Amino acid sequence: MMNNKYIIKANGEREWFNPQKLRDSLVRAGASLETTQKIVGQIETELKDGASTKDIYHHAFEILGKEEERPAAARYSLRRAIMEMGPTGFPFEQFVAEIFRTKGFETTTDFIARGQCADHEIDIVAWNKEKLIFIEAKFHNEVGIKSDLKIALYIKARWDDLMNQEFELSELDPTSQSFGEAKKKMSEGWLITNTKFSESAIKYAKCQNMKLVGWNYPEKGNLQDLIEEAHLHPITCLNSITPSDEKLLMEAGIVLCKQARDNPDILKQAGLSDEKITKMLAEIDLIQK
């Protein structure tokens, strides 16, 4: 390795620093080539042996967060912004349900489904005329925590118990007209997490044809892709507001940038100044264009 320096991952493991990983993450966030090269070069020069990935992230974000790179900085911070939503009263389950709603599904959360052998509490159920999808959502507030083989085995057992059962539309939503028939069997079972899966969980899921969606798994259609396609960036990824502003907005029910853009009057009622609202909405437009 040219860099020849070890870094400490979030799970405590040591690995050689790979500047290409940093470069890829910055490019994916939308940083310009010039800024990307500057950040990678500066971090390679200043990096100390044994630095944590968290230290690298914060340093890169600090450089990226200058005015002209704000949209890229917000995208780069998206993963941690999702984690910061956890304690706010907007559960990860509701966030995932919102993603499916933007795709044209109707959804419900915390649904009790009667299996062949047991009852199961399903985090999210999403349905339309073609599909009935049961989703288990695993939220972690640290990047180093992975959903492992044990979780995959447990979820697969639940899906197997539910696979041959029929569910009536009225059980999900008495007012819905989305099913083409009165009853429907589960079409797909998903396991979604905001972090990563262990290699053994991925191997097992491939063997069992399970649908796994993590932060960067699979390569296409991962959680980051779904969030960006649906324009569901949380307000915690914005640079134009402070943590105290975030708290005010969340208390007013504004958790997503989309909600802030669609409800500017609520922003003022929450106590934000006209100047701050203008900057906030401008940043949201840049992120979600």
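**Rings and charges in a predicted model**

Q: Which charged end sits over the ring of Tyr 6?
A: That of Arg 14, 3.9 Å from the ring centre. A charge counts as over a ring if NZ of Lys or CZ of Arg is within 6 Å of the ring centre and within 35 degrees of the ring normal. This is a predicted model, where local features need pLDDT of at least 70, side-chain atom pairs count only at pLDDT 80 or more, and totals for chains, interfaces and linings use all residues. Residues are numbered from 1 along each chain as its sequence is written, and side-chain values use heavy atoms, with hydrogens and water left out.

Q: And what lies over the face of Trp 190?
A: Lys 211, at 4.9 Å from the ring centre.

Q: On to ring pairs: how many aromatic pairs are there?
A: Seven, where rings of Phe, Tyr and Trp (its six-membered ring) pair if their centres lie within 6.5 Å; planes under 30 degrees apart are stacked, over 60 edge-to-face and the rest tilted. Phe 100 and Trp 190 form an edge-to-face pair, 5.2 Å centre to centre with 70° between the planes.

Q: Where do Phe 100 and Trp 190 lie?
A: Phe 100 is in helix α6 (residues 92–102) and Trp 190 in strand β10 (residues 188–193), so their pair ties together parts 90 residues apart in sequence. Helices (H or I, at least four residues) and strands (E, at least two) are DSSP runs, numbered from the N terminus.

Q: Buried or exposed, Phe 100 and Trp 190?
A: Both are buried, meaning under 20% relative accessible area, with exposed over 50% and partly exposed in between (1.4 Å probe, protein chains only).

Q: Which residues do ring pairs link into a cluster?
A: Phe 100, Phe 105 and Trp 190.
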